[in-house]
Amino acid sequence: MTGSVRALSSQQQLLERLLHLARLDHELALVSGPKGAGKSTLATLLTQQSELLTPVVLDARLITSQKVFREALLEQWFAGAIFDAGDPLSDSVNRLLPAAPGKRLLVVDNAQWLTDAQLQELAEMSLALPSAQRPFMVLMGLSSWASGVRTLLQELQMPVLELEVPELSEEDKLQLCSLRDSAPAAGQLASMHYPGDLVVSTEPSMKTPEYRQWLEQKPVKILLTGLIIVGLGVIVSALLGKDEAPPAQVAQPFQAESLPEPPAGPVTADTLPVTPAAEEQGEALVSDWPVEPLPESPRVTTQVAESPQDTSKERVVIDDEVVSQLMQRKTVQAASKQAQSAPAAQPAAGQPAALSRQPAGHYTLQLMASRDKNALNQLMTRHNLSPAWVYSRNLNGQPWYVLVHGDFASAEQARAAVGRLPAELRAAKPWPKPFGQVQKEATP
């Protein structure tokens, strides 16, 4: 009995046996018992009363990885020593032990949470040390766990002694009730087998359910936290999305289309189909602005100036209507001259003239497609793309604008040029496209 931790008579017998084994050359003992048998109290008493060096108690529920397991043990066994948690436990202990020799004690509570790899590393570490330096290890866990662990350790040639926590004696039961200042109810002593049974009967709210042990695992906590964050993000995005206008779509909506075979011959303006509506539209591109005739003679009035210096002069005033018509005629004439100076052959609506002159068998790179033409033009300007074109096409009855860049003799050359594009453009996954297909898409 040390401090506030007190051993019952049944626990004291097991404690004395473990202390005796620690003084011998024994290496490992399994202490099993049901939940509430007092194994944690026994672990504390054993480390307090042991004469071995640096006794350590590890709670296996808190060991989340092999690295954490090694750090927790070595930092207590060899305080202040430098080690690499990535090295096997046997290598680190063999290297550090000569500087601080002696037999050590390790008690693992809730040992049913240890993995097979951690158990195997403990066994390999013990077997790699000289007999006098091997630590005394006590693994405390549930009864159902002990039999499987014993088989595993025996396969590793590790000698194992299995002990079981005894049930409470009648004296222990009365002592527990007196410690809690509670008189035992009728039949209560008969149902008490371990200290935890009294805790369950008098403090049912303190019992930890089975699912709580599962939730206390670190990987489960991380997973649940991630799911909660994702759920909150979806809710916030849905709420914010109701008030925000949808951004301009810039994507690759046509990448799923299969690339057609290049046309046999070059595609020219003569080979493109021309509909009657297009001919009528082409004829109506330039027309004269209707001009109202000027009056035969402007209305001219005279007014006598009122300034003292111009008393003998007259001023000519032209009607506002005449001036307006003169200005309008000048504007129409300028527009007509500009239309006459433009090239006679105009490309189809929405298709740059340069696209119709590209060899149909060559390839270009489709960079992006968007419903916003200005966004593509800004992208082309920002990255100084040359040559580059933006043409329009329809997809499911909706107008889209497509940005293409480069002139390549083959699809392989076009794919090789993708690696030289800026990261922003490579992220859109550009893909080769024959100019023949581009010219066909851009034709209204």
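Of the 444 residues of the protein chain, 33% count as buried. The model is predicted. The chain has 18 helices and 12 strands. It exposes about 26,700 Å², and carbon and sulfur atoms supply 55% of that area. Among contacts with a separation of 6 or more, 74% join residues 24 or more positions apart.

**Lysine 39**
- Lysine 39 is found in helix H2, which covers residues 39-49.
- Lysine 39 is buried but has no salt bridge.
- Aspartate 109 is the nearest side chain of opposite charge, 6.2 Å away.
- A salt bridge needs a Lys or Arg side-chain nitrogen within 4 Å of an Asp or Glu carboxyl oxygen.
- Beyond its neighbours within four places in sequence, lysine 39 is in contact with Val31, Ser32, Gly33 and Pro34, as well as Asp109, Met140, Gly141, Leu142 and Val165.

**Strands S9 and S12**
- Strand S9 (residues 363-370) pairs with S12 in the antiparallel sense, over 4 bridges.
- Threonine 364 stands opposite lysine 433 in S12.
- Strand S12 (residues 431-434) is covered on both faces.
- Trp431 and Lys433 are buried on one side of S12, and Pro432 and Pro434 are buried on the other.

**Surface patch**
- Ile228, Leu232, Ile235 and Leu239 form a nonpolar patch on the surface.
- Together these four residues have about 410 Å² of accessible area.
- Isoleucine 228 lies in helix H11, residues 218-241.
- Isoleucine 228 counts as exposed because its relative accessible area is 54%, and the cut-off for exposed is over 50%.

Conventions: Residues are numbered from 1 along each chain as its sequence is written. This is a predicted model: local features need pLDDT of at least 70, side-chain atom pairs count only at pLDDT 80 or more; totals for chains, interfaces and linings use all residues. Side-chain values use heavy atoms; hydrogens and water are left out. Patches are made of residues with over 30% relative accessible area and no salt bridge: like charges are joined within 9 Å, nonpolar side chains (Val, Leu, Ile, Met, Phe, Trp, Tyr) within 5 Å. Accessible areas come from the Shrake-Rupley method with a 1.4 Å probe; for residues, only the protein chains shown count as cover. Helices (H or I, at least four residues) and strands (E, at least two) are DSSP runs, numbered from the N terminus. Buried means under 20% relative accessible area, exposed over 50%, partly exposed in between (1.4 Å probe, protein chains only). Two strands pair if DSSP finds at least two bridges between them. Lys and Arg count as positive and Asp and Glu as negative; His and the chain ends are not counted. Contact means heavy atoms within 4.5 Å.
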